[in-house]
Amino acid sequence: MTVLVYAEHDNEVLKPETNKLVTAAKAVGDDVTVLVAGQQCEAVAQAAAKLSGINKVILANDAVYGHQLPENIADLVVSLASGYTHIFAAATTTGKNFMPRVAALLDVAQISDIIAVESADTFVRPIYAGNAIATVQSSDSVKVVTVRASAFDAVSDDGNAEIETIDNAIKSEKSRFLNAELTESERPELTAADVIISGGRGMQNGENFALLNGIADKLGAAIGASRAAVDAGFVPNDMQVGQTGKIVAPDLYIAVGISGAIQHLAGMKDSKVIVAINKDEEAPIFQVADYGLVGDLFEVLPQLESSL
Amino acid sequence: MKVLVPVKRAIDYNVKVRVKPDNSGVDLNNVKMAINPFCEIAVEEAIRLKEKGDATEVVVVSIGEKAVQEQIRTGLALGADRGIHIETEAGVSLDSLQVAKLLKKVVEAESPDLVILGKQSIDSDNNQTGQMLAALTGMPQGTFASELKIENGKAVVTREIDGGLQTVELDLPAVVTTDLRLNEPRYASLPNIMKAKRKPIDVQSAGDLGVDLSSKVKFIKVTPPPQRQGGIKVASVEELVDKLKNEAKVIS
Ligand SMILES: Cc1cc2nc3c(=O)[nH]c(=O)nc-3n(C[C@H](O)[C@H](O)[C@H](O)COP(=O)(O)OP(=O)(O)OC[C@H]3O[C@@H](n4cnc5c(N)ncnc54)[C@H](O)[C@@H]3O)c2cc1C
Ligand SMILES: Nc1ncnc2c1ncn2[C@@H]1O[C@H](COP(=O)(O)O)[C@@H](O)[C@H]1O
């Protein structure tokens with residue numbers, strides 16, 4: 001088995017998802033190559049070379065890969081695909097964007113968002129917002145797989161693989177990057193945080209999300225949100241946790257003013273410990289919460305901040 | 001400009017599914033079915049393009065058993081002009097790759113300038129078909145769209161990505177997939193539901209389109225997810241903090 005793993009990064013730092021992808025890849029075979037595609041991303045390749053137990057890093061460093069445009073990235077991956085039995089990428093908005101193109105161009109199915117590897121051809125993945133867990137077996141010649149990183153442990157950074165630089169710029173003329181508005185935050189990323197505190201519609205407005213800041217500071221937490229809070233414009237879209245937002249599994253998840261719709265639960269119910277703060281004692285979130293506190297969040301949050 | 005909107009029939013998003021006792025799949029008997037929510041957003045966006053004068057015709061297409069005509073009718077009631085039903089035999093379930101290959105045939109026959117799909121089906125949670133269709137047809141793609149504008153014969157798509165928002169410009173024809181915040185779909189009015197009954201649906205057999213419909217992915221089993229142990233209610237913030245520190249040991 002030979003696995004090509006697509007590194008998740010922002011041209012500057014290698015994202016921790018990649019360490020988890022390597023764990024998933026090593027569950028199918030020992031021969032793991034990591035592809036770093038981006039622009040001025042030598043530092044990322046250096047970091048990837050340290051991923052424990054990998055064979056080598058391929059670096060495709062070119063302006064055409066700077067914004068991870070799926071047309072370009074998919075063509076690059078397809079050009080490298082022969083010789084690999086598996087291609088793995090994280091089920092992030094980057095992986096979800098280009099990997100189905102890779103699968104289609106190779107004329108194989110894609111297995112989306114796996115949470116476990118049973119064998120080299122058999123994978124486990126949630127369907128129906130995590131209300132059913134499917135075990136699927138693929139007889140395709142190449143397995144194109146996206147991985148739910150939160151379901152796998154990370155490999156350490158004590159390796160020392162060689163870096164092979166390739167000069168292979170493939171550019172689609174049909175799409176162009178115009179601009180990006182990225183959310184700047186000093187806090188940990190949602191998908192990497194050990195503690196998350198999320199607010200829902202019960203927060204009432206964007207200003208009130210400041211009530212979560214002090215608690216997040218004290219716990220080193222990331223701040224998330226329900227879809228209702230994002231739709232209402234309280235917070236930006238990249239904070240949405242759920243079936244169609246980010247899937248997280250921190251040690252501690254605190255849901256504040258969130259009712260617990262199945263689509264929200266799909267994104268957080270694998271957290272180790274769940275706390276729910278809600279004034280409605282019948283709210284479905286209490287069914288998954290290890291510790292539920294029935295109360296008005298506007299009273300509870302200041303108390304919580306001062307008692308930490 | 002012609003817009004093609006593929007729509008999928010899926011379980012209603014309010015329904016809590018149950019896994020069949022023999023672990024062969026989920027129980028869909030007597031379960032409420034609906035148009036996949038992301039497809040409804042796609043239809044709405046296409047109709048808004050028509051209302052703005054950017055689009056001249058909106059065609060909805062669905063692949064599946066006869067029952068998917070209900071979802072085509074929903075699209076027509078929302079304002080689409082006509083429907084295409086690619087009919088599969090009862091009990092056949094297709095992978096996104098096969099769906100994308102069938103949609104490619106429809107694209108070849110219809111030559112749309114824009115194809116708007118949902119980003120994800122809420123049953124399979126695949127999130128693949130639009131990207132696959134784009135690759136197979138050589139079209140550029142703008143996935144997870146929260147804004148779509150047609151400017152100077154190009155599609156300008158703002159996309160919801162993990163770090164925030166990204167905007168790309170695509171040559172037409174292009175594929176766009178919808179995210180939740182692209183729009184809020186309207187309700188179909190009773191007169192429009194009546195009118196939709198008279199709009200044409202062209203039915204074609206999937207088997208006649210020259211696409212290999214066999215799947216290389218086999219479902220070995222489907223099981224319920226692990227259930228969380230029911231937790232407790234705490235009476236105060238002090239008790240909560242104490243439990244988190246001393247019982248769960250997740251904070252210090
Ligand atoms: C296709 C689709 C995809 C979706 N994807 C997602 C997704 O990825 N993520 C997601 O989160 N949702 C998603 N949803 C939406 C989901 O169905 C729910 O609508 C949403 O999660 C509700 O958000 P909420 O809990 O914040 O709001 P509500 O359901 O309105 O709940 C608000 C809660 O706040 C409590 N509250 C109010 N005031 C206070 C107070 N002062 N103190 C304490 N508690 C208070 C209320 O008791 C209530 O329980 C999706 C829906 C669809 C159809
Ligand atoms: N059977 C189908 N018929 C028509 N469109 C479909 C079908 N399956 C998927 N699609 C389209 O592809 C989108 C993404 O689906 P998926 O890749 O299955 O998550 C859906 O929102 C639809 O727009």
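Start at the boundary between chain B and chain A, where 45 residue pairs are in polar contact, both residues at pLDDT 80 or more. A polar contact here is a pair of N or O atoms within 3.5 Å; within protein, one must be able to donate a hydrogen and the other to accept it, and residues adjacent in sequence count only if both atoms are side-chain atoms.

This is a predicted model: local features need pLDDT of at least 70, side-chain atom pairs count only at pLDDT 80 or more, and totals for chains, interfaces and linings use all residues. Residues are numbered from 1 along each chain as its sequence is written, chains are lettered from A and ligands numbered from 1 in the order in which they are written, and side-chain values use heavy atoms, with hydrogens and water left out.

**Stop 1: the interface**

Stay on the chain B side. Color it by secondary structure. Helices (H or I, at least four residues) and strands (E, at least two) are DSSP runs, numbered from the N terminus. Select strand 9 of chain B: with eight residues, this strand gives the most to that side. Now color by class. The side of chain B that touches chain A has 39 nonpolar, 16 polar and 21 charged residues. Ala, Val, Leu, Ile, Met, Phe, Trp, Tyr, Cys and Pro count as nonpolar, Asp, Glu, Lys and Arg as charged, and the others, Gly among them, as polar.

Show both sides. The contact (heavy atoms within 4.5 Å) takes 76 residues from chain B and 80 residues from chain A. The size of an interface is often given as the accessible area lost when the parts come together. Here chains B and A bury about 6700 Å² between them, 54% of it on carbon and sulfur atoms. That buried area is the accessible area (1.4 Å probe) that two parts lose on being put together, summed over both.

Next, select D290(A) and R228(B). They form a salt bridge, with the closest N and O atoms 2.8 Å apart. The term means a side-chain nitrogen of Lys or Arg within 4 Å of a carboxyl oxygen of Asp or Glu. Five salt bridges link chain B and chain A.

**Stop 2: ligand 1**

Go to ligand 1, which lies between chains A and B. Show its shell: 30 residues surround it, the closest being R201(A), S226(A), S259(A), Q263(A) and N278(A). A residue belongs to the shell if one of its heavy atoms lies within 4 Å of the ligand.

Zoom in on the ligand oxygens:

- S259(A): a polar side-chain atom lies 2.7 Å from an oxygen atom of ligand 1.
- N278(A): a side-chain N or O atom is 2.7 Å from a ligand 1 oxygen.
- G257(A): a polar backbone atom is 3.0 Å from an oxygen atom of ligand 1.

The protein covers 86% of the 980 Å² of accessible area that ligand 1 has on its own. Accessible areas come from the Shrake-Rupley method with a 1.4 Å probe. Helix 6 (227–231), helix 7 (262–268) and helix 8 (297–306) of chain A, together with helix 1 (37–51) of chain B, each give two or more residues to the shell. By class, the shell has eleven nonpolar, 14 polar and five charged residues.

**Stop 3: ligand 2**

Move to ligand 2. Its shell holds 19 residues, the closest being P6(B), I63(B), S121(B), N127(B) and T129(B).

- S121(B): a polar side-chain atom lies 2.6 Å from a ligand 2 oxygen.
- N127(B): a backbone N or O atom lies 2.8 Å from an oxygen of ligand 2.
- V7(B): a backbone N or O atom lies 3.4 Å from a nitrogen atom of ligand 2.

Taken alone, ligand 2 exposes 480 Å², and the protein buries 96% of that. Strand 4 (57–64), helix 3 (96–110) and strand 6 (114–118) of chain B each supply two or more shell residues. Strand 4 gives the largest share, three residues. By class, the shell around ligand 2 has seven nonpolar, eleven polar and one charged residues.

**Stop 4: backbone details**

Most residues other than glycine have a negative phi, and most peptide bonds are trans. Select L172(B) and P173(B): a cis peptide bond joins them, with omega about 0°. P173(B) lies in the loop between strand 9 and strand 10 (174–178) of chain B. Then pick N30(B), a non-glycine residue with a positive phi of about 55°. Find N30(B) in the loop between strand 2 (9–11) and strand 3 (33–35) of chain B.

**Last stop: a salt bridge within chain A**

Over all chains the count comes to 29 salt bridges. Select K56(A) and E164(A), whose side chains meet in one of 2.9 Å, N to O. K56(A) lies in strand 3 (56–61) and E164(A) in strand 10 (162–166) of chain A, so the pair ties together parts that are 108 residues apart in sequence.
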